[in-house]
Amino acid sequence: MKKILSIILSIGLIFGLTGFQMDNSYAAVGDKIVVEIDVHAGDHSDAHIARGHSLNLIAKLYDANGNLVTGDDADMDWKVTHVDGGSCHAFTSSKISAYEGMGVISHGYVHVPYTEHAHSIKLVITSKTDPSISVTKVYKITNSKYEKHHTFFYYVKGHHHNITGNAPVVKETWDEISQTYTMIVPKNTFKRPGYKLKYWMDDYGAKYKPGDTITHHRKKHGRMTAVWTKKTYKEIGRVKAYVKSGTSIKVRWGKVQDATGYNIYRYSSAKQKYVKIKKITNGNTTSWVNKKLKKNRIYNYKVQAIKTVGGKEVKEELSSYARAVTGSSKRCNVKEVILNKESVNISIGSTAKLRAKVKYNKEKKVISKSIRWFTSNEKVATVSKKGVITGVAEGKCYIYAKAHNGKNGKRVEVIVK
């Protein structure tokens, strides 16, 4: 069989249930074959591809007698680039196999993802049998109607098990004149106990905070993943737990400004979460006794301040926990926390190490020797779970070392210069 003279490229768009159409008309000019392509389907033609869409392609070879070439001789190389030949996000895939009853021929597709920046791309299909024979097509990249009316950033809560809440609602507008999208990064609506949102991060590594405005000439498609940071608690409102008697524990907390009441929560091992056991309706009350408890049993508590805003009840975040053991002949609670420093002077970015030890009845086993560290102002200085202070900005704040039951030593004054 005489070697291949030319390639006939017939293009069909398959999107949803839309089929493809092909115009196989051609006319011989000398020993070449000229092909006229006129394919339309839906909102697209063989000259346009919308971001997020694909075109299915069939590359057909004919011999000198006008017969369709099939089998290995019909194999092609498919390549998609920017018009200037540079690399692009759009890609193509092809294979040689039986297709729509046409025999074993070369077919594939071109896909333009939402990440494609170019306004046009170039597809080159070359015969493997005779590389001198090729077809080049240039496609204009357009924004699809679907893209203009849908949000393509979807918000996910991150890879953690104990997160609740629905994904936030995105506010987004399309400007027809400037052909740009404007999106306001929404507030976080997910809830993760003990953590708060640090920022949103997209699939490209860019970081955004709620309220940020993002403007693009096309929609960036992908995820906005929540990145979390552990909450730090201020001294006000912290909880302490004291053994009132062998079967009761007194819970105390600092008064919260403008509070109209408090909710008391106790951890339930059966439900694996903190459960509300008491509602205090007086904002000036700062203690409550939990009675009729079992002896030699450890109980964990948290307190939540309640405020009234605009006639509606608003619940604040839960405090850090306080843990205590009821009357026991073998176990005991911490009596005192002793710190190695009373004040620290550091510069921005530098660190200092604090050390703390607990005092307890040595004749018994203390239920925990662990220390939890807190800062009164994380914008001035932070403190790690090992007691390492880091200066953040000029100012003064206080560091607290807290035992399991809320007992804490004298606060450490931190001055950052």
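**Glutamate 336 and lysine 359**

Glutamate 336 counts as partly exposed, at 38% relative accessibility. The model in which this residue is seen is a predicted one. Glutamate 336 is the partner of lysine 359 in a salt bridge, with 3.9 Å between the closest N and O atoms. The pair ties together parts that are 23 residues apart in sequence, because lysine 359 lies in strand E33 (residues 356–359) and glutamate 336 in strand E30 (residues 336–339). Lysine 359 also counts as partly exposed, with a relative accessibility of 42%.

**Lysine 396 and glutamate 413**

A salt bridge joins lysine 396 to glutamate 413, and the closest N and O atoms are 3.7 Å apart. This pair links distant parts of the chain, 17 residues apart: strand E38 (residues 395–402) holds lysine 396, and strand E39 (residues 412–416) holds glutamate 413.

Lysine 396 has a relative accessible area of 47% and is partly exposed. Glutamate 413, at 24% relative accessibility, counts as partly exposed.

**Aspartate 75 and lysine 128**

Between aspartate 75 and lysine 128 there is a salt bridge whose closest N and O atoms are 3.3 Å apart. The two residues are 53 residues apart and link distant parts of the chain. Aspartate 75 is in the loop between strand E8 (68–69) and strand E9 (76–82), while lysine 128 is in the loop between strand E12 (120–127) and strand E13 (134–142).

Lysine 128 is partly exposed, its relative accessible area being 44%. A network of salt bridges links Asp75, Asp77 and Lys128.

**Overall count**

The count for the model comes to six salt bridges.

Technical notes
Residues numbered from 1 in each chain as written. Predicted model: local features only at pLDDT ≥ 70, side-chain atom pairs only at ≥ 80, totals over all residues. Heavy atoms only, no water. Salt bridge = Lys/Arg side-chain N within 4 Å of Asp/Glu carboxyl O. Helix = DSSP H or I, 4+ residues; strand = E, 2+ residues; numbered from the N terminus. Buried < 20%, exposed > 50% of the residue type's maximum accessible area, 1.4 Å probe, protein only.
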